[in-house]
Amino acid sequence: MLSFASASLAEEDMAVTCSKCGGGRFELGSVSSSEPARQFTILHCAACGQSLGLPEIDAVRSALHEQQTTLNDLRHQLNEIRDRLEKLATG
Ligand SMILES: [Zn+2]
């Protein structure tokens with residue numbers, strides 16, 4: 001069973017320790033899922049193998065969320081501009 005770390009890797013820069021054994025050394029490994037068939041890179045404890053989560057998925061999810069927020073802001077601003085233009089055009 002994989003555990004998912006909620007903090008980003010950047011926030012974990014200081015004193016990251018394994019939640020299972022307290023170890024401080026980590027390695028990259030990989031796991032695969034069957035549906036959809038994909039392979040993911042994970043960070044796991046070098047001593048006991050406890051997973052720190054799926055940094056790629058977390059990073060992608062975070063980036064997608066940021067982009068979605070930016071797109072929503074832009075859409076809102078475009079609507080405002082369109083409204084102003086329509087008011088100008090109709091006098
Ligand atoms: Zn460990």
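Two strands count as paired if DSSP finds at least two bridges between them. Helices (H or I, at least four residues) and strands (E, at least two) are DSSP runs, numbered from the N terminus. The model is predicted: local features need pLDDT of at least 70, side-chain atom pairs count only at pLDDT 80 or more, and totals for chains, interfaces and linings use all residues. Numbering starts from 1 along each chain as its sequence is written.

Start with the whole protein chain. Its elements, from the N terminus on, run β-β-α, that is, one helix and two strands.

Next, select residues 26–33 and 38–45. These are β1 and β2, which pair in the antiparallel sense over eight bridges. The link from β1 to β2 is a hairpin through four residues. Pick S32 and look across: its bridge partner in β2 is Q39.

Stay on β1. A residue is buried if 20 or more other C-beta atoms lie within 10 Å of its own, exposed if 12 or fewer, and partly exposed in between, with C-beta atoms placed from the backbone. Of the eight residues of β1, the number buried is zero, so this strand lies largely in the open. Over the 91 residues of the protein chain, 3% count as buried.

Now colour by pLDDT, the predictor's confidence in each residue, from 0 to 100. The protein chain has a mean of 81, and 81% of its residues reach 70 or more.
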